[in-house]
Amino acid sequence: TRAEALRWFTLDAAYAAFMEDDVGSIEVGKHADFVVLSQDLMMVPPEEILATEVVATYLDGAAVYER
């Protein structure tokens, strides 16, 4: 499912890298590493998923890319 895929690329990836205390989710005490997407991947029709673009990327809460 989409929810499973999101978890695999966030929480589970952090766990696999032994970094679950630092990254993988937005929580107090963790690094604010995240991307802003052009559309909600959980709501967009399946055929539109690949048209999604990265609007901004943040590492440790600081913008490192903005379209």
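Select aspartate 60: this residue is exposed, with a relative accessible area of 54%. Exposed means over 50% relative accessible area, buried under 20%, and partly exposed in between, with a 1.4 Å probe and protein chains only. Aspartate 60 sits in the loop between strand 2 and strand 3. Its phi is positive, about 55 degrees, although the residue is not a glycine.

The model is predicted: local features need pLDDT of at least 70, side-chain atom pairs count only at pLDDT 80 or more, and totals for chains, interfaces and linings use all residues. Residues are numbered from 1 along each chain as its sequence is written, and side-chain values use heavy atoms, with hydrogens and water left out.

Next, select the strands on either side of that loop, then the rest of the sheet. Three strands form an open sheet in the order 1-2-3, with antiparallel pairing. Strand 1 (34-37) and strand 3 (62-66) are the edge strands, each pairing on one side only. From one strand to the next, the twist averages 20 degrees; angles run from 0 to 180 degrees between N-to-C directions, and axes are lines fitted to C-alpha atoms. Two strands count as paired if DSSP finds at least two bridges between them. Strand 1 and strand 2 (residues 54-59) run antiparallel and are joined by 4 bridges. Within this pair, select leucine 37 and look across to valine 54 in strand 2, which stands opposite.

Now move back along the chain to phenylalanine 18. This residue lies in the loop between helix 2 (11-16) and strand 1. Phenylalanine 18 is exposed, with a relative accessible area of 75%. Its phi is near 60 degrees, a positive value in a residue other than glycine.

Finally, show the whole chain. The chain has 2 helices and 3 strands, following the pattern α-α-β-β-β along the sequence. Helices (H or I, at least four residues) and strands (E, at least two) are DSSP runs, numbered from the N terminus. Along the principal axes, the C-alpha atoms fill a box of roughly 35 × 30 × 20 Å. Of the 67 residues, 12% count as buried. Among contacts with a separation of 6 or more, 25% are between residues 24 or more positions apart, where contact means heavy atoms within 4.5 Å.
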